[in-house]
Amino acid sequence: MTALKADLLLTGARLATMAGPAGLGVVEDGVVAVAGGRIAWVGPAGEAPSIDAAERFDCGGRWVTPGVVDCHTHLVFAGNRADEFARRLAGESYADIARSGGGIAATVRATRAANEAALTAASLKRLDALLAEGVTTVEIKSGYGLDEETELRQLRVARGLAAHRRVSVAVTYLGAHAVPPGGDRAAYLDLVCERMIPCIAAEGLADAVDVFQEGIAFDAAECARVFAAAQAAGLAVKSHADQLSDGDGAALAARHGALSTDHLEYTSEAGARAMAQAGTVAVLLPGAFLMINETHRPPIAAFRAAGTRMAVATDLNPGSSPIASPRVCATLACVLFGMTVDEVLRGFTIEAAHALGRADRIGSIAAGKDADLAVWSVETLSELVAQIGPSPLFARFHQGVRA
C-alpha cells in the first residue's frame, strides 16, 4: 500500500477535534497528518494508514484543540479609555459616558489622529497577546473612524496584519457603530450605504458588514438599510444587538440571514428561536458584560432550548472590554453566564468559525480543513477555563506551520 505523503505528522496527541454536532470529539492517542497546509488524516494512532512525513512533532500526550477563533474584536484602534473605568466605578453608566462624548467617540478622536504605521504597531501588540493564547483566526472590526479616510485606514491595517504574523484575519466594516461626533445622522448613513459599502466591497477590504442596533446607536430601520446595502454588494452581515435593551435586534438580524448577532443580554426567547431558525450564531461577550457592570444576563437557557449556536469572543476594545485573553473570557462565560466548559471550548472554536462563515475551513480538526492547531500543556481541558494565569500554550500551528 502506498504511504500517505505528509509535510507534518503530529503524534502522541490527545485530540479534542470539535467534530460532530456536540461535545469535544475526543480522540485518545491521536495523530494528525498535514499536507499543503490542510489536514490530510486525523484519528487514533491504531487506525492510521502508513504515513510518510517530512517532519514529525511529538505532542507528548498533550491536549490538542483546533486553533482558537476570536470572532469579535475591535483590535485596530489608538488611545485608551482607562479613565472611563473609574467613571463607571463612580456610578456613571456606559450609555451616560457615551452621551457625554466618551465611549466610542473618544476612541474615534484618537484613531483619526493615528497614521497607518502607528495603528499597525499598536495593533500587533494586542494581536500578539491573542496569539499567545492559541488564536489562529481573529475577526477585526472597524468603526473607530466614522469617516471615509479613517475607516479605510482601519480596514487596510486589519487586512495587513496577516502579513506580519501567521494568523488568519476576517475583516468587518462597522461604519454603523455610532453617529460621528457632530455629524448629521442621515448624511452619515447615506455615506455608509451609498459610498462606503460599495467601495469596500469593490476593493475587497472587508468580508462582512456590522451594525450597532441600540438606543445610543442606530434603530431597526437604519440597521435594515445597512444590511440591504451590504447584501447588495455581496457582503455578509452581522450585528451588535440587544446589549443594553431589547430592541428585537436578534430577530432583525435573523431575518436578514446574519452570520451572527453579538452581545444579546436582553434578547427574548422569540429572538433566540428566530436566530436558531436562520442559523444566526449568538456570540456572547462576557468581557463587556463584566466591564460595564451589566446585570442582565443573556438568555443562555433559551439559546439551548432553541438550538441556537453559541460562540464566545473577547470583544477586545479600548473601553467596554479591554481584554486580550480568550481564556479569561471563557472563564467569565462559565462563571457569569452559566455556560459549560464544553460549550465555551466549542464556542471559541467550531461555533466561532460558524459565526465567521468559515466552518468549512476552520474550527475543528477534520480532514480537508486548515491545519490550525493549538497544543496545550494541561492535564485536563477544564484547566484551560478553570485556571487564570500564564498561558499553557505549548505550540501553535497555523495552516500546518508552527508559529
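1. Handedness of the α5/α6 crossing. In this predicted model, helix α5 passes helix α6 in a right-handed crossing (the near helix is turned clockwise from the far one by less than a right angle). Helices are DSSP runs of H or I with at least four residues, and strands are E runs of at least two, numbered from the N terminus.

2. Geometry. The axes of α5 (residues 148-160) and α6 (residues 185-203) come within 12 Å and cross at roughly 30°. The two helices are therefore roughly parallel, a term for angles under 35 degrees. Axes are lines fitted to C-alpha atoms over the stretch in contact, with angles from 0 to 180 degrees between N-to-C directions.

3. Contact residues. On α5 the contact (heavy atoms within 4.5 Å) is made by E148, E151, L152, L155 and R156, and on α6 by L191, R195, M196, I200 and E203. These divide into five nonpolar, no polar and five charged; Leu, Ile and Met are among the residues counted as nonpolar, and Glu and Arg among the charged.

4. Whole chain. The protein chain has 15 helices and 16 strands. Its radius of gyration, 21 Å, is close to the 22 Å of the globule rule for 403 residues, so the chain is as compact as a globular protein of that length. The radius is taken over C-alpha atoms, and the rule is 2.2 Å times the number of residues to the power 0.38.

5. Burial. Of the 403 residues, 57% count as buried, meaning under 20% relative accessible area (1.4 Å probe, protein chains only).

6. Basis. Residues are numbered from 1 along each chain as its sequence is written. Local features need pLDDT of at least 70, side-chain atom pairs count only at pLDDT 80 or more, and totals for chains, interfaces and linings use all residues, while side-chain values use heavy atoms, without hydrogens and water.

Conventions. Angles under 35 degrees count as roughly parallel, over 145 as roughly antiparallel, 65 to 115 as roughly perpendicular and the rest as oblique. Buried means under 20% relative accessible area, exposed over 50%, partly exposed in between (1.4 Å probe, protein chains only).
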